[in-house]
Amino acid sequence: MKIKSIVAGLSLCFICHSSFATTIGFAQVGSESGWRTSFSESVKAEAKKRGIDLKFSDAQQKQENQIKAVRSFIAQGVDAIIIAPVVETGWTPVLKEAKRARIPVVIVDRNVQVQDESLFVTRIASDFVEEGRKAAGWLLSQPQAQQQCNIIELQGTVGATAAIDRAKGFNEVLAKHPQAKIVRSQTAEFTRAKGKEVMESLLKAEQGGKDICALWAHNDEMALGAIQAIKEAGLKPGKDLLVVSVDGVPDYFKAMADGDANATVELNPHLGGPAFDVIDAYLKGKKDTAKLISTTGELFLQDTAAAEYEKRRLN
Amino acid sequence: MTTEGVILNSSQPEQQNAGQSNAEQLKAARQARYSPGQSAHKFSLYLYPLLALALLLLVNLLLDPQFFSLQWQDGRLYGPLIDIVNRSAPVALLAIGMSLVIATGGIDLSVGAVMAICGAVCANLLLLGDWSIPAVIGLAVLTGLACGLVNGVMVSYLGIQPIVATLVLMVAGRGVAQLLNQGQIVTFQNPDFAALGSGDFLGLPVPVWLVLLALLVMQLLLRRTALGLFIEAVGCNAKASRYLGIDDKGIKLSVYLLTGCCAALAGIVATADIQGSDANNAGLWLELDAILAVVIGGAALTGGRFSLPRAVIGVLIIQALSTTIVVSGLPAKFNLLIKALVILLVLMLQSELFRNQLKALFSFGKAHGGKA
């Protein structure tokens with residue numbers, strides 16, 4: 001009798017559990033960069049807040065590990081799966097398996113290439129074009145940029161989506177302001193060392209940078225390298241030259257707090273919230289979500305930089 | 001220190017075996033290298049790399065009229081030319097080490113990764129705080145030597161092909177550096193250490209002095225002792241050198257150790273320059289630049305001959321080219337293509353066969369009647 005009631009109680013518990021707490025599997029790329037780490041942390045924190053049972057899998061930058069993880073999620077019978085894909089191709093078979101098991105899949109960050117778009121619910125990603133627009137919008141609203149404004153652009157790695165789209169967004173806004181123009185544009189491959197080296201040469205080619213009003217870098221790392229080069233050229237970054245970039249890494253907030261940099265558009269790591277919203281709506285019966293949901297981070301300026309740096313340094 | 005030990009070890013049995021005649025042979029060989037009859041050939045070896053460098057600098061002058069201007073600013077020389085020399089420093093240090101490895105018929109693909117490891121060691125020690133600068137440098141160099149030891153033992157004592165043996169550390173080494181940095185970019189605030197990368201001494205950047213020092217020490221070590229000759233002998237024919245009494249395995253081990261040491265110095269310069277260690281990108285693909293510089297300097301990848309000054313000229317050519325591309329204002333997507341074409345041109349200019357063909361082509365009309 002006693003054993004029976006315990007078993008009954010336990011099974012009831014299981015039923016309660018499965019009917020009330022949503023179980024979601026999350027196949028993450030790995031932890032190759034600071035941004036990726038904060039992305040993972042943000043998803044975990046959001047799941048905890050909403051009382052979601054999150055099964056987290058770190059694929060260590062390998063697609064085969066991600067596919068294994070997704071298969072094990074399907075075997076465990078989770079309510080939904082979130083995938084942050086390592087690469088775009090090769091997802092069709094495992095997505096079909098998920099569809100057969102009637103488990104909705106949400107793609108976050110990078111894209112997947114599949115013939116049949118019904119294999120996933122939606123993709124949630126940062127809008128790089130909008131990031132470029134925001135950076136340009138801020139820069140061109142500054143008093144320094146109202147007269148003739150010569151801009152140096154440090155591009156990301158040639159061919160990278162982030163570099164192409166950020167340049168596109170920036171140039172869109174720039175086209176409406178004839179007084180401002182990009183006089184030098186060169187790739188610094190998203191790295192600090194290249195940022196310094198390229199900026200050094202470009203400043204010398206522009207008569208020491210006296211006529212340059214701003215630096216626009218496709219990511220913070222390049223901007224941080226360039227700031228050192230600007231200082232070594234005897235100019236004051238943040239004053240003689242406005243510095244604006246994208247990402248929001250802790251070191252850049254420190255540079256802003258020190259007055260060496262002016263603005264950054266955060267590359268939004270908080271993709272967890274929107275993903276959970278979509279899954280929630282889907283499980284409640286809303287099946288016609290748009291196939292791409294874009295998010296953009298906030299623009300951060302010097303006034304909040306010191307506080308933001310303290311907050312981010314601890315993470 | 002290690003290299004000197006190797007010389008002693010290898011020269012003792014040789015004297016016992018072959019006695020005086022061997023020493024005379026060595027002397028004769030040395031004299032043959034520097035004999036006046038060869039000076040014309042030697043001159044042309046320097047002529048074409050220098051010509052290529054001069055041409056590149058001239059193109060830069062056309063692109064930017066201020067290119068050759070040098071100013072005295074904040075107690076140091078300041079100008080595009082100084083930048084080229086300064087930015088060449090890490091690859092120049094790598095190329096000095098790489099010359100020796102290539103002269104023994106080997107190759108070291110791991111130097112970029114060793115740079116990243118040594119940079120990570122420096123950054124993490126500086127973050128811990130209670131380490132003096134000489135201790136940090138010393139530990140970084142020891143790390144470089146340890147990496148060189150791993151490569152050297154694998155190549156010389158375990159008989160693994162150099163390209164494979166060093167490929168292991170090329171891949172694994174970056175992983176080690178990432179592990180040390182826990183996947184982050186580790187930055188530090190230490191003006192004394194940063195001076196190694198961006199400071200100056202007697203008007204020139206510190207990295208330039210480091211390269212000059214390394215070049216001088218190595219050149220003395222290699223050309224004022226028999227070590228350079230031993231290295232070339234091992235590269236020409238390891239078996240014959242062994243029969244001659246040269247400890248070929250010891251020589252091979254020692255060149256990998258020297259390369260590890262050079263890579264450590266390059267790592268220190270790169271880390272000090274940006275005041276941070278970026279395990280993913282520090283020294284990335286620089287091993288290929290170093291190999292290219294050695295080849296531009298006229299060394300054969302099959303081993304047997306090397307020249308440190310010419311390898312450094314090769315590095316300057318590569319760096320001058322990078323600067324040209326940046327200053328040229330062409331869209332960034334053309335960078336690699338232009339780089340490849342110019343390098344191809346420089347290498348062809350150095351090929352005697354190509355020069356003769358070119359000469360024949362131009363003098364065809366004139367020579368047609370007379371010479372044929």
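Colleague: How many residues does the contact take from chain B and from chain A?
Modeller: The contact takes 23 residues from chain B and 25 residues from chain A; two residues are in contact if their C-beta atoms, placed from the backbone, lie within 7 Å. This is a predicted model, in which local features need pLDDT of at least 70 and side-chain atom pairs count only at pLDDT 80 or more, while totals for chains, interfaces and linings use all residues. Residues are numbered from 1 along each chain as its sequence is written, and chains are lettered from A and ligands numbered from 1 in the order in which they are written.
Colleague: Which residues touch the most other members of the largest nonpolar core?
Modeller: Leu94(B), Ala95(B) and Ile317(B) do, in a core of 154 residues. Such a core is a set of buried Ala, Val, Leu, Ile, Met, Phe, Trp, Tyr and Cys residues joined through C-beta atoms within 7 Å. H12(B) gives the largest share of this core, 17 residues.
Colleague: What is Leu94(B) in contact with, leaving aside its neighbours within four places in sequence?
Modeller: Its contacts include Val111(B), Cys262(B), Ala266(B) and Ala290(B). Another core, of 36 residues, lies apart from the largest one, and among its members are Ala98(A) and Ile279(A).
Colleague: Turning to chain A, what is the order of the strands in the open sheet?
Modeller: The six strands run S7-S6-S8-S9-S10-S12 (chain A), with mixed pairing; two strands pair if DSSP finds at least two bridges between them. Strand S7 (180-187) and strand S12 (299-301) of chain A stand at the edges with a single partner strand each, so one side of each is left without a neighbour in the sheet.
Colleague: In which sense do S9 and S10 of chain A pair, parallel or antiparallel?
Modeller: Strand S9 (residues 242-247) and strand S10 (residues 263-266) of chain A pair in the parallel sense over four bridges. Val265(A) in S10(A) is the bridge partner of Val246(A).

Definitions and conventions:
Helix = DSSP H or I, 4+ residues; strand = E, 2+ residues; numbered from the N terminus. Buried ≥ 20, exposed ≤ 12 C-beta atoms within 10 Å, placed from the backbone.
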